[in-house]
Amino acid sequence: MKMGVAQAHLEGYKMLIDLKATLHQSNLNPVRPDANHMRTLDSSIKRNLAIIKKLKVINDEVKDGLIEELKTVNLSKFVSEAVSYICAAKLRSTDIQAAVQICSLLHQRYIDFSPCLIEELLKTFYPGKSGEPDLDKNAGALKKRSTLKLLMELYFVGIVEDASTFTTIIKDLTSLEHLKDRETTQTNLSLLASFARQGKIFLGLQQHGQDAYNEFLMDLNITYDQKRFFKKAFYSYYDAASELLQSEHVSLCVMESENAKNLNAKGELSDENTASYENLRRSFDQLLHCVSSLAEALDMQPPVMPEDGHTTRVTTGTNLPPSGKESSAVQLIWDDEDMKAFYESLPDLRAFVPAVLLGEVEPKLLEQHEKVHEQSNECSMQPQTEVQENGETSVSEHQTDRIANDEPKNRENTETERLAKEKNQEKVSREDGAEREKVRGIDGASLDSLLQKLPRCGSRDLIDQLTVEFCYLNSKANRKKLVRALFSVPRTSLELLPYYSRLVATLSPFMKGLPSLLLSMLEEEFSFLINKKDQIKIETKIRNIRFIGELCKFKIAPPCLVFRCLKACLDDFTHHNIDVACNLLETCGCFLYRSRETTIRMSNMLEVLNRLKNVKNLDAHHTTLVENAYYLCKPPERSSRLSKVRPPLHQYIRRLLFSDLDKTTVQHILLQLLKLPWAECEQYIVKCFLKVHKGKYSQVHLIALLTAGLSRYHDDFAVVVVDEVLEEIRVGLELNDYAMQQQRLAHMRFLGDLYNYECIDSSVIFETLNLIIVFGHGTSEQDLLDPLEDFFRIRLVITLLQTCGHYFTRGSSKRKLDSFLLLFQRYALSKGPLPLDVEFDVQDMFAELRPNMTRHSSLEGLNNALVELEQNEHVAAARKGGDESHWDSESQSKQSENVAFDANDKMTANISKKNGRDHEEAPNGENSTDSTSRYRNGHEDEEDFPRKERLDDRLENEDRIEDITVPVGSDEEETVEVQKKKVQVDPKDQEDFDRELKAILLESLESRKLEPARPTVNMKEPMSTFKGSKDLMTTEAAGKENVCDELVKSGSGGASEVCFKVLVKKGHKQQTKQMLIPGDCPLVQSTKQQSAAELEEKQNIKRKILEYNEREEELNATSQGSGNGGQGGRTDETPADRVTWVGPSRGGVRQHYWVAGGFYRGYGRR
């Protein structure tokens, strides 16, 4: 994909060059239409003026349409107007090519268009000579910039034929008189830099990496004299601007020193001095930026200010140091001391390696041998002088012979000395070679084994040791092998590059050719990769550029090489070049920016990089790379954060809650919190408890545990915490801020744990759940509070229910949760399809809480389920209505039995405390101590705090009859806890009360003994239901029918539980209570089968009796007055499915009718 984009970009660039070449040929030899053709075109004033006005706005969007319209009209009489509108157009850099194409069209059609256009464009650079009013300076500078670019493009396409047109412009811009005006100087420098970048051909320069463009520019007719003029004008003006910059720098330094003196003397600077310094500093920075831009356009090094570090960057006099701000660039080059030591503290090989191996001993040995040779010559000359002294008297005799033989002897001596020197050199070389061979033999290491160790040198000590070992193998051939091994570093092992560069930097003082050889190979590889322009081998490119950057940090690679590589990437800022440039900046950009010699040029490069990022349409990946590289080199200025100062007591509380809190220390932390001055620390402790999101998520339940523990000693503490948590939850719903999501999840977990520790009731949980799914709905702010694409409220519900929802398994809490889950499904369906992670969380929640609940996929089915649930609730309420009076009679006795005494002999009345949890006391009146400290989550029990008493055994029986004992319309969640003070009773009054109570009980017992005992029968309902004068068998049949009806209702309803009536005895009273038994129980199945059989038998009996009566009536009608009695029994033939026998009819005798496996009892008549 990247290769396709690069190919398209390259083809577009070639098409632009081909278009310019085509326009150039067409404009040099234009084929203009004849007069006859022009007369056929529209020449009306209205039409022409309408099209001419469109020339004031020229861009790529309107270019094609405008060209087509210009071909349909005749502008021969309106050329000047068209030129004026074109010159008045506000052209951007991207609009220049569109304007060039339109001007080319007009040039090819109208002969007087080009002179008029050139003349009008030149007026922009001489506003005083034209009659038009002057624009403001900024607008004028922008207009000159766009006009100069347009003129150069017109020259490239052949509309402007003479290069001397630019001579007058450049001559005016480079006039030294303009240097007196600072704003004019900056404008001229900017225009000259733009001209130099766009028209390097005028200066004899070439565009790097743009061969096709250079070939196109070579065809332009620019003479050598013109190029020499432009080059001389540019360089002379650059030198003058550099001198001006130097003078301003000196003025700035002088002003800084004066400010420092005034600050030392007076302690502050006046507003006038501060303002003048700021203006001068601003002017100097702008001039420096303009001069640096011009230097880069001319391929020159930007000027470096002497002692630039002594100038201050502070713009306020109060922050100016008294002795001047010294440069800290050298100190800030490295981030820490370790990095500084790695790049600057290199080992001295002279301390580890003999000098002969480093190549430093050869000149010393030669000097020593020369001294020895001179001493030997002196010794040989001494006996000659003695002989001469002894033979002075005979000199005259042999003078003639000595003179005659003098010249041959001198020649022999010279030749002898030359031969001796050669022998000495050979001897020295042999000794040197022998010494080296000896050292190599002692070391015994080979180069191959050393090069195999090279990729494993991943630390500073290892690479230094390997450097020392290589010195024992130092030779020209081995150095070449080492360079090739360093150059061939694996492209994926970028972590080795700093260590390889350290090896090169350590050896460079003694092996001069090694760094240059490696740099030449790296530079050659970079040029090959950057010119190839293919979108492959990205890892090789990154390895190459990072190696160059690491060598630059060791000061092996010169900065000019790095800037040259960076500039080549910025010239073609696309695809892999972006990655290469960013990797180069990440490697050594910060080093170059912080170095005093290169900070200005690197700053300019970074600004160019930032502008390219804003102009180019980069993807997210490249945009992130560029921003990271830019801010790594030039981080944004920001003030240091001020640490918050807290009192020691607050710091101690934060340490207890956020650092020391865990399962093993919770009891200790509770005791420490109780020891604190509560009136002073209560508010801050509440504040810290609410910051549960700042601690570990797994320890939220410990904060709830501490809340429950503290509430035992401070009654209002838990109330305050719960109120604040609920308020935070509501604030989160009102703001719906993305940054608060972690905090909101922690608060939901905290609320659920507060319920687990019995600090709140289930009503609070359900109110919060309902608030989450309905808050903000139906209002104008619904799209802001709960957008359709926001699923965070679903996560809140899941978090709360996963924390405490597994306790809502019976009673009204179960029904409320079932109802809410249906509403929750409707809320989730209104959101549309859920993301996968949210959907998985919802599935896990239903699998944990209600695995058998149906997940509805449509709103219709969900609404039907809600309607059915409401109907079931109404039916259940009506069924419980019959037990209301019974509940009223038992409520007082149950309240008296639920009284428990705590450890301090305080009596607590737990009235109807169910909450969907294990809060209810058993009917036998057992007591419980510290029930509020029970924790029903899956966490392990803490040691001895708080005490958790399990009530499962005592609640086993109550769970079965819970639905009966609840009155109609009551809410199990409404728990009232009353603490009664122990009333002091007079012992005498107590004795009198006990005596009277005992007498009443005895009297009642005696009266009961006189009552007749009721017959004991195998009854299915209490005897209290037998009141009246009903016959026993009739009552029994009615009881069977009622039981059968109940079983049929329970079976037809398809419920999972069946209601049974249980007979219980309380005192001397017999009562019935309902008990729900699972439908799959064998007892329920057998009872259902028996009830169904009895019901079927009863229906058969009724049907057969009716048929018998009908048949008997028919027989009576046919016999017409037959007798009522017979002399014996009669057997009637009936269908095969039934047989009826009628006994003799005697008065007062009971007759039995047997029918199909059953019987019917009745009385006959005589």
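Predicted model: local features only at pLDDT ≥ 70, side-chain atom pairs only at ≥ 80, totals over all residues.
Let's start with the rings. A pair of aromatic rings is described by two things: the distance of the centres and the angle of the planes. A search of the whole structure finds 18 aromatic pairs. Take phenylalanine 195 and phenylalanine 230. Their rings are 6.0 Å apart, centre to centre, with 40° between the planes, and the pair is tilted. Where do the two partners sit? Phenylalanine 195 is in helix 10, residues 182-198. Phenylalanine 230 is in helix 12, residues 224-266. They are 35 residues apart, and the pair links distant parts of the chain.

Are these two buried or exposed? Phenylalanine 195 has 1% relative accessibility, so it counts as buried. Phenylalanine 230 is at 0%, so it is buried too.

Now a second pair, phenylalanine 820 and phenylalanine 824. Here the centres are 6.2 Å apart and the planes meet at 25°, so this pair is stacked. The cut-off for stacked is under 30 degrees. Both residues belong to helix 37, residues 811-830. They are 4 residues apart there, so about one helical turn separates them. Phenylalanine 820 is buried because its relative accessibility is 2%. Phenylalanine 824 is buried as well, at 1%.

Back to phenylalanine 195 and phenylalanine 230. Ring pairs join both of them into a cluster.

Which residue has its charged end over the ring of phenylalanine 487? That is arginine 543, and the distance to the ring centre is 5.8 Å. Arginine 749 does likewise with tyrosine 697. There, the charged end sits over the ring, 5.1 Å from its centre.

Next, helix 32. This helix covers residues 715-735, which is 21 residues. From first C-alpha to last, helix 32 reaches 32 Å. That is close to the 30 Å expected at 1.5 Å a residue.

Which residues of helix 32 are buried? They are Phe717, Ala718, Val721, Val722, Val725, Ile729, Gly732 and Leu733. These residues cover an arc of only 145° around the axis, so they lie on the same side of helix 32. On the other side, Asp715 and Leu735 are exposed.

What covers the buried residues of helix 32? The cover includes helix 30 (678-690), helix 31 (700-711) and helix 33 (741-756). It also includes helix 34 (762-774), helix 35 (782-785) and helix 36 (792-804).

Just after helix 32 comes asparagine 736, with a positive phi of about 50°.

On to the cysteines. A disulfide is a covalent bond between the sulfur atoms of two cysteines. How many disulfides does the structure hold? The count is 0. Cysteine 290 counts as buried because its relative accessibility is 13%, and the cut-off for buried is under 20%. Cysteine 471 is at 0%, so it also counts as buried.

Last stop, aspartate 348. This residue lies in the loop between helix 14 (337-344) and helix 15 (362-390). Its relative accessible area is 38%, so aspartate 348 is partly exposed. Now look at proline 509. In sequence, aspartate 348 and proline 509 are 161 residues apart. In space, C-alpha to C-alpha, they are 9.7 Å apart.

Definitions and conventions:
Residues numbered from 1 in each chain as written. Heavy atoms only, no water. Phe/Tyr/Trp six-rings, centres within 6.5 Å; stacked < 30°, edge-to-face > 60°. Helix = DSSP H or I, 4+ residues; strand = E, 2+ residues; numbered from the N terminus. Buried < 20%, exposed > 50% of the residue type's maximum accessible area, 1.4 Å probe, protein only. Lys NZ or Arg CZ within 6 Å of the ring centre and 35° of its normal. Expected span 1.5 Å × (residues − 1). Arc of directions from axis to C-beta. Contact = heavy atoms within 4.5 Å. Disulfide = S-S within 2.5 Å.
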